[in-house]
Amino acid sequence: MIDVELLMDELGRRQVDVLIRVDRERMAQFNGRPWTMLLSGPGLGGRQVIRVDTRTLPDALDHCLAELATCPGDWAWLDAYRGLPRP
């Protein structure tokens, strides 16, 4: 399981702003994607934002971390947080 607090702290230290949100209205919808994750900030290089809306928090993390790894910089440490088993 991912230690989300530790991950968010590390991203902040690397100049990446993180927003994670769950929307109760979208959760109630049958095909809703209630989880939103948004990354922004100077740590993304020239990229303005990374955003995804998904059904689960692990899906949001997987997507955003994979996208972040394509940005300029040393993101090899993200491997410790990617593709982990889910509960």
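So, for today, rings of Phe, Tyr and Trp, using the six-membered ring for Trp, pair if their centres lie within 6.5 Å; planes under 30 degrees apart are stacked, over 60 edge-to-face, and the rest tilted. With that rule, a search of the whole structure turns up 2 aromatic pairs. One is W75 with W77, a tilted pair at 6.1 Å centre to centre, with 45 degrees between the planes. The other is W77 with Y81, which is edge-to-face: 6.0 Å between centres and 85 degrees between the planes. Put together, ring pairs link W75, W77 and Y81 into a cluster.

Quick note on where this comes from. It's a predicted model, where local features need pLDDT of at least 70 and side-chain atom pairs count only at pLDDT 80 or more, while totals for chains, interfaces and linings use all residues. Residues are numbered from 1 along each chain as its sequence is written, and side-chain values use heavy atoms, with hydrogens and water left out.

W75 counts as buried because its relative accessibility is 7%. W77 is buried too, at 17%, and so is Y81, at 12%.

Last thing, the backbone. Most residues other than glycine have a negative phi. Q15 isn't a glycine, yet its phi is positive, about 65 degrees. You'll find Q15 in the loop between α1 (4-13) and β1 (17-22); helices (H or I, at least four residues) and strands (E, at least two) are DSSP runs numbered from the N terminus. Q15 is partly exposed, since its relative accessible area is 49%.

Conventions: Buried means under 20% relative accessible area, exposed over 50%, partly exposed in between (1.4 Å probe, protein chains only).
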